[in-house]
Amino acid sequence: MSQTKPGIAVLASIASLARTSEAWISDIWGVLHNGLSAFPDAGPACVKFREGGGTIVLVTNAPRPAANVARMLDRLGLPRTAYDA
């Protein structure tokens, strides 16, 4: 883990959170995709966490219904098995 500012940690990997968390709440833009495609490690990391019993809820400030967001994530290459809601 590295620090960019006092009190703000930047994780090199989310793996350590998988061992200590039952659920993740994650923003979508910039965390799971860049607007053009899903980040290569994001989907597999989420799928692995869910396979281990974790729950993942995605949040966004996009002004569209959840079903439309899910279709967008499909197009960007994030599998639906990567999140619960």
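Ser26 is buried, with a relative accessible area of 13%; buried means under 20% relative accessible area, exposed over 50%, and partly exposed in between, using a 1.4 Å probe and protein chains only. The model is predicted, so local features need pLDDT of at least 70 and side-chain atom pairs count only at pLDDT 80 or more, while totals for chains, interfaces and linings use all residues. Residues are numbered from 1 along each chain as its sequence is written, and side-chain values use heavy atoms, with hydrogens and water left out.

**The protein as a whole**

- The secondary structure comes to three helices and four strands; helices (H or I, at least four residues) and strands (E, at least two) are DSSP runs, numbered from the N terminus.
- Along the sequence, these elements follow the pattern β-β-α-β-α-β-α.
- The protein has 85 residues, of which 26% count as buried.
- Taken along the principal axes, the C-alpha atoms fill a box of roughly 35 × 30 × 20 Å.
- Among contacts between residues at least 6 apart in sequence, 61% join residues at least 24 apart; contact means heavy atoms within 4.5 Å.

**Ser26 and strand E3**

- Ser26 lies in strand E3, which covers residues 23–27.
- The covered face of E3 holds Trp24 and Ser26, and the uncovered face holds Ala23, Ile25 and Asp27.
- In a regular strand the side chains alternate between the two faces of the sheet.
- Apart from neighbours within four places in sequence, Ser26 is in contact with Val31, Leu32, Val57, Leu58 and Val59.

**Strand E4 and its link to E3**

- E3 and strand E4 (residues 55–59) run parallel and are joined by five bridges; two strands pair if DSSP finds at least two bridges between them.
- Ser26 stands opposite Leu58 in E4, and the bridge partner of Asp27 in E4 is Val59.
- The chain passes from E3 through H2 to E4 in a right-handed β-α-β crossover. Right-handed means that, with the strands pointing away from the viewer, the path from the first strand over the helix to the second runs clockwise.

**The largest pocket**

- The largest pocket holds about 290 Å³ of space. A pocket is found on a 1 Å grid over the protein atoms alone, as an open set of points where a 1.4 Å probe fits, with protein on both sides within 12 Å along at least five of seven lines. Grid points are joined across faces, edges and corners, and the volume is the space filled by probe spheres set on the points.
- The pocket is lined by 14 residues, and Ile14, Val31, Leu32, Ala42 and Ala45 lie nearest its centre; lining residues have an atom within 4 Å of a point.
- E3 and helix H2 (42–51) are the elements that give two or more residues to this lining.
- By type, the lining divides into 11 nonpolar residues, two polar and one charged. Ala, Val, Leu, Ile, Met, Phe, Trp, Tyr, Cys and Pro count as nonpolar, Asp, Glu, Lys and Arg as charged, and the others, Gly among them, as polar.

**Ala38, between E3 and H2**

- Ala38 lies in the loop between E3 and H2 and is buried, with a relative accessible area of 17%.
- Apart from neighbours within four places in sequence, Ala38 is in contact with Leu32, His33, Leu76, Gly77 and Leu78.
- Ala38 and Ile28 are 10 residues apart along the chain, and their C-alpha atoms are separated by 9.6 Å.

- Asn61 is in the loop between E4 and H3 and counts as exposed at 75% relative accessibility.
- Pro65 is found in the loop between E4 and H3, and at 53% relative accessibility Pro65 counts as exposed.
- The C-alpha atoms of Pro65 and Val31 are separated by 20 Å, and the two residues are 34 apart along the chain.

**Pro79, after H3**

- Pro79 sits in the segment after helix H3 (66–76) and counts as partly exposed, at 34% relative accessibility.
- Apart from neighbours within four places in sequence, Pro79 is in contact with Gly43 and Val47.
- Pro79 and Ile8 are 71 residues apart along the chain, with 30 Å between their C-alpha atoms.
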